[in-house]
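Please look over the sequence and the model shown here.

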Amino acid sequence: MSQKKETLDTVHCPQGCPFLEINYFEETGKIPYHCELFDTFLAFDGDIIRCSECVGHEHSIKEQGLNFINAYQGNAVNRNVTKLGFAKLFPAAQKQFVSFMKKFGTQVGIPSSIQSVTPENLDKIQKYLLRELNKSQIVHESRSGELQEIEEILKKNADTDPEMIDKKSCQLILNLYQVLDDSEKALLKSILKNPTLCALFVAKIRFMPKNGDLLKNVRKEMERFYPQVQADLNAPVLPKVLQNDHQNVK
């Protein structure tokens, strides 16, 4: 009796794909799956779905939207109600939703406090979903400058020392930055601006267990760097003339 050949799965990302990035910070409110090669967030149907560029043909817009909603993490959004709202959007609005998900991965949906859909509230749910989508697009446009500054700092460090920070660590730091409060963001930025501290910090977080305690552990690690950051900020800066005199004395 001949054994049936195992069917090759060409729909989902293969295990161990070097381009698959996973965002472990649920607090970012983002889809956790991202493809580094094609720079796109990835949908989910029980397994991570390869993007259209990778699989070689375009998925239907409606199917993509529903599977992006499947990929949401956390309990802030009611996935089932969001799916019903998305399914009733006009095709142009569905396309807008999918394009946003691919680019930014931010979870846009109906809050979990709304438990059911009725003929009376379906229209309101559609309008709410579209309004939240438009609001999220505006927020991302305003945040782009702030994140760009962090990206530039990371790129400068990577150019100076290519072994200091890899792309996965860079993405991890960008995800982290988005969930910190203002004082924590300032501390992280100070750490990254100091190449020595940046190298130490990246080395620490690179090998941290990627689980639900990751954010807590990263925050603890940042606190350990606080005294050195303060020392750097309080270090006296000599005027240029005195700096030259100091060098001449040496």
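## The cavity

A search of the whole structure, which is a predicted model, finds one cavity of 30 Å³ or more. On a 1 Å grid over the protein atoms alone, a cavity is a set of points where a 1.4 Å probe fits but cannot get out, and lining residues have an atom within 4 Å of a point; grid points are joined across faces, edges and corners, and a volume is the space filled by probe spheres set on the points. The largest cavity holds about 130 Å³ of space, and of the 15 residues lining this cavity, Ala43, Arg50, Cys51, His59 and Gln64 are the closest to its centre.

Two or more residues of this lining come from each of β3 (40-41), α1 (52-55) and α2 (61-70), where helices (H or I, at least four residues) and strands (E, at least two) are DSSP runs numbered from the N terminus. Helix α2 gives the largest share of the lining of the largest cavity, four residues. By class, this lining has six nonpolar, five polar and four charged residues; Ala, Val, Leu, Ile, Met, Phe, Trp, Tyr, Cys and Pro count as nonpolar, Asp, Glu, Lys and Arg as charged, and the others, Gly among them, as polar.

Histidine 59 has its place in the loop between α1 and α2, and it counts as buried because its relative accessibility is 15% (buried means under 20% relative accessible area, exposed over 50%, partly exposed in between, with a 1.4 Å probe and protein chains only). Leaving aside neighbours within four places in sequence, histidine 59 is in contact (heavy atoms within 4.5 Å) with Ile49, Arg50, Cys51, Ser52 and Gln64.

Threonine 40, found in strand β3, counts as buried at 6% relative accessibility. With neighbours within four places in sequence again left aside, the contacts of threonine 40 are His34, Cys35, Cys51 and Lys102.

The largest pocket has a volume of about 730 Å³, a pocket being an open set of grid points with protein on both sides within 12 Å along at least five of seven lines. Of the 25 residues that line the largest pocket, Asp39, Lys103, Glu151, Gln171 and Leu174 are the closest to its centre. At least two lining residues are supplied by each of β1 (20-22), β2 (33-35), α4 (91-104), α5 (122-160) and α6 (167-177), and the largest share, six residues, comes from α5. The lining of the largest pocket divides into nine nonpolar, eight polar and eight charged residues.

For the second largest pocket the volume is about 320 Å³, and of its 19 lining residues the closest to its centre are Gly29, Thr106, Gln107, Val108 and Ser136. The lining of the second largest pocket has seven nonpolar, eight polar and four charged residues.

## Helices α8 and α9

Helix α8 (residues 195-206) and helix α9 (residues 214-234) pack at an angle of about 170°, with their axes 11 Å apart; axes are lines fitted to C-alpha atoms, for helices over the stretch in contact, and angles run from 0 to 180 degrees between N-to-C directions. That angle makes α8 roughly antiparallel to α9 (angles over 145 degrees count as roughly antiparallel). In this packing, Leu197, Leu200, Phe201, Lys204 and Ile205 of α8 meet Val218, Glu221, Met222, Phe225, Gln228, Val229 and Asp232 of α9, and the contact has eight nonpolar, one polar and three charged residues.

## Basis of the values

Residues are numbered from 1 along each chain as its sequence is written, and side-chain values use heavy atoms, with hydrogens and water left out. In this predicted model, local features need pLDDT of at least 70 and side-chain atom pairs count only at pLDDT 80 or more, whereas totals for chains, interfaces and linings use all residues.

Terms used. Angles under 35 degrees count as roughly parallel, over 145 as roughly antiparallel, 65 to 115 as roughly perpendicular and the rest as oblique.
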